[in-house]
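Student: I'd like to learn how to read a model like this one. Can we go through it together?
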Amino acid sequence: MLAAHGTAVVSDALDLAGIDGQLWGPRRLSGHGPVVGPAFTVRFERVEPGTPAAAADFLDDVPSGAVVVLAAGSATCTVWGDILAEVALARGVAGTVIDGLCRDIDGIREFDYSLWAHGAFMRSGKNRLRMAAVQQAVELGRGEESRTVRPGDIICADGSGVTVVPAASLAEVAASVDRIAAMEQQVLEEVRAGGRLRDARKRHGYNLAARQPTGNHA
Amino acid sequence: MLAAHGTAVVSDALDLAGIDGQLWGPRRLSGHGPVVGPAFTVRFERVEPGTPAAAADFLDDVPSGAVVVLAAGSATCTVWGDILAEVALARGVAGTVIDGLCRDIDGIREFDYSLWAHGAFMRSGKNRLRMAAVQQAVELGRGEESRTVRPGDIICADGSGVTVVPAASLAEVAASVDRIAAMEQQVLEEVRAGGRLRDARKRHGYNLAARQPTGNHA
Amino acid sequence: MLAAHGTAVVSDALDLAGIDGQLWGPRRLSGHGPVVGPAFTVRFERVEPGTPAAAADFLDDVPSGAVVVLAAGSATCTVWGDILAEVALARGVAGTVIDGLCRDIDGIREFDYSLWAHGAFMRSGKNRLRMAAVQQAVELGRGEESRTVRPGDIICADGSGVTVVPAASLAEVAASVDRIAAMEQQVLEEVRAGGRLRDARKRHGYNLAARQPTGNHA
């Protein structure tokens with residue numbers, strides 16, 4: 001189960017599979033513990049000043065257990081707030097990942113709703129952004145750190161950030177996650193028993209648990 | 001009362017009035033809950049290396065209930081610390097907003113003093129910055145996000161950031177805040193009772209609660 | 001004792017000595033209270049994509065009481081995690097300062113292990129970075145904010161960030177720290193007793209406690 005481990009092990013499994021699945025940008029602003037669920041994607045685009053654009057009404061269509069993924073680009077206005085968080089929580093939505101900003105962060109933290117975003121601000125997206133696509137592939141991040149998230153890809157997120165496991169690679173990644181987590185547990189038990197870290201790592205093949213990455217995100 | 005609501009509703013009311021009153025940059029580093037009060041403004045400017053410049057002595061003149069607003073530009077040294085916070089707290093100052101940095105953040109958090117800044121650091125502003133103006137209009141932020149704050153403008157701030165309501169627009173903005181907050185409460189009660197979010201928003205005119213912004217801060 | 005005071009007083013003492021010892025970049029992500037200890041330095045460098053590079057095995061050599069200082073440049077992968085933190089904590093290591101990123105921040109926070117870094121992420125440094133030097137002088141930060149840390153330099157860090165006292169200047173800086181802290185205590189007692197801040201500062205020579213800085217880090 002991906003949910004039992006954090007993003008570090010998932011990231012190592014993605015590295016092993018040669019998949020660039022780490023999302024640069026969104027950091028945890030609310031909630032606690034690892035969150036795992038299929039992505040429900042929404043893309044926003046800017047509107048010209050003076051163009052009326054209604055607030056995005058997609059939340060009624062998000063299934064329980066999903067993670068809402070909002071692609072708002074580099075907008076300096078917000079696409080999520082406390083009413084949405086309260087409704088999402090009541091309907092069993094697992095969390096929200098925003099490549100962009102959220103508002104009402106005090107209320108969202110009171111709910112302990114799981115949220116990742118670039119930051120909190122208060123300026124509304126209303127009449128500044130419009131919903132351009134729902135449940136289609138979205139691009140998050142920019143430049144070298146640009147990543148595509150497709151509806152149904154598995155989002156794994158915790159305090160260290162957000163990873164994306166492509167739906168087609170889930171079985172492969174999940175198997176690696178189990179192997180890596182078991183190996184790390186063995187290393188940990190050996191050093192807890194007084195062993196040297198470098199000996200324990202060598203004995204349990206710590207450095208074999210990752211292949212050379214295909215890109216160079218050093 | 002502006003104090004009863006957070007910055008999101010104030011920001012929407014500013015949008016309705018066509019006022020760009022959201023401050024980009026300062027984020028909450030200490031304290032909790034919404035803070036509202038008239039701005040007491042101080043502007044700093046850099047001094048040439050080698051020029052002695054005393055610490056800014058303005059705090060004795062700040063009235064109870066005011067929010068100290070410090071314009072320190074892009075300096076990488078600090079203009080606020082724990083002695084100032086302790087004195088401010090004892091005198092009933094409502095909080096401090098810094099377009100710049102503060103030091104002693106551990107002590108300030110122990111006081112739970114309300115503070116917004118770009119971040120915490122420890123390098124003193126002494127002999128690096130000098131107080132250039134007190135209780136005059138100050139510019140906060142840069143470029144498209146530059147905003148003027150005048151003494152007596154009303155600062156409304158919470159965990160999502162800082163907004164500024166020009167003193168001359170207070171009555172208009174406060175009336176909108178009450179209307180918007182009441183409308184949002186109705187939407188919330190309807191979805192809490194099991195209604196769909198998009199129906200509730202439509203019924204209560206959610207999207208009418210903002211006019212087209214004059215600028216394009218998307 | 002440097003440990004009894006925070007980084008603000010240490011920074012003022014460094015200013016008095018004409019030493020640029022403030023580290024721009026790493027902010028506290030875990031732990032609480034001031035941390036003081038001699039630096040144990042490690043430098044990382046990028047490897048070409050496709051080059052295997054083992055995880056850095058240096059922790060067995062870090063003495064109790066030391067602060068691990070990791071120079072990872074602008075890499076967007078991580079050089080510290082929860083296994084390292086657990087081992088470090090068990091061996092009495094005082095904390096870790098990273099010019100770079102760490103992973104597993106949730107677990108590290110559960111340990112309350114003292115850590116400063118640019119941020120948390122999850123992408124492994126394995127096969128992206130290699131350990132290039134241990135216990136040699138390292139450069140942290142960039143441009144005007146670049147600083148050299150040598151093995152045995154004293155790291156003083158708290159919630160406001162990280163300062164470095166060169167080993168050769170420790171006696172001079174420590175003496176200034178004591179003087180400055182005593183002076184600030186007098187100012188504080190006078191304002192607590194109802195005095196005006198500007199009078200108390202003048203009486204106790206607050207503005208004499210710093211000389212003109214040699215650089216201009218305003």
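Student: What area do chain A and chain C bury between them, and what percentage of it is on carbon and sulfur atoms?

Tutor: Start with the general idea: the size of an interface is often given as the accessible area lost when the parts come together. Here, buried area is the accessible area (1.4 Å probe) that two parts lose on being put together, summed over both. For chain A and chain C that comes to about 3,200 Å², with 51% of it on carbon and sulfur atoms. Before we go on, some ground rules. This is a predicted model, where local features need pLDDT of at least 70, side-chain atom pairs count only at pLDDT 80 or more, and totals for chains, interfaces and linings use all residues. Residues are numbered from 1 along each chain as its sequence is written, chains are lettered from A and ligands numbered from 1 in the order in which they are written, and side-chain values use heavy atoms, with hydrogens and water left out.

Student: How many residues of chain A are in contact with chain C?

Tutor: Contact means heavy atoms within 4.5 Å. By that rule, 37 residues of chain A touch 36 residues of chain C.

Student: And how many salt bridges are there between chain A and chain C?

Tutor: A salt bridge is a side-chain nitrogen of Lys or Arg within 4 Å of a carboxyl oxygen of Asp or Glu. Between chain A and chain C the count is 6. One of them joins Asp15(A) to Arg128(C), with the closest N and O atoms 2.8 Å apart. Chain A and chain C have 16 residue pairs in polar contact, both residues being at pLDDT 80 or more.

Student: Which elements give two or more residues to the side of chain A that touches chain C?

Tutor: Elements first: helices (H or I, at least four residues) and strands (E, at least two) are DSSP runs, numbered from the N terminus. On this side of chain A, the ones giving two or more residues are H1, S1, S13, H4 and helix H5 (197-203). H1(A) supplies the largest share, 5 residues.

Student: Is H1(A) mostly covered or mostly open?

Tutor: Buried means under 20% relative accessible area, exposed over 50%, partly exposed in between (1.4 Å probe, protein chains only). Helix H1 of chain A, residues 7-16, is mostly covered, with 9 of its 10 residues buried. Among them are Val9(A), Val10(A) and Leu14(A). The cover includes strands S1 (22-23), S12 (154-158) and S13 (161-165), plus helix H4 (170-192), of chain A. Just after H1(A), Gly18(A) takes a positive phi of about 70°.

Student: Which residue other than glycine has a phi near 65°?

Tutor: Look at Asn127(A), whose phi is near 65°. Asn127(A) sits in the loop between strand S8 (119-120) and strand S9 (129-134) of chain A. Asn127(A) has a relative accessible area of 5%, so it is buried. Another case is Asp104(C), with a positive phi of about 55° although it is not a glycine. Asp104(C) is in the loop between strand S6 (101-102) and helix H3 (105-111) of chain C. Asp104(C) counts as buried because its relative accessibility is 18%.

Student: What rotation superposes chain B on chain A?

Tutor: Copies are superposed by least squares on the C-alpha atoms of residues with pLDDT of at least 70 in both. For chain B on chain A, the rotation is 120° with 0.0 Å of shift along its axis (RMSD 0.0 Å). That is the relation of a three-fold axis.

Student: What is Thr7(B) in contact with?

Tutor: Thr7(B) belongs to helix H1 of chain B. Setting aside its neighbours within four places in sequence, Thr7(B) has contacts including Met122(A), Cys156(B) and Thr163(B). Thr7(B) counts as buried because its relative accessibility is 2%.

How values were computed:
Polar contact = N/O pair within 3.5 Å; in protein donor to acceptor, adjacent residues only side chain to side chain.
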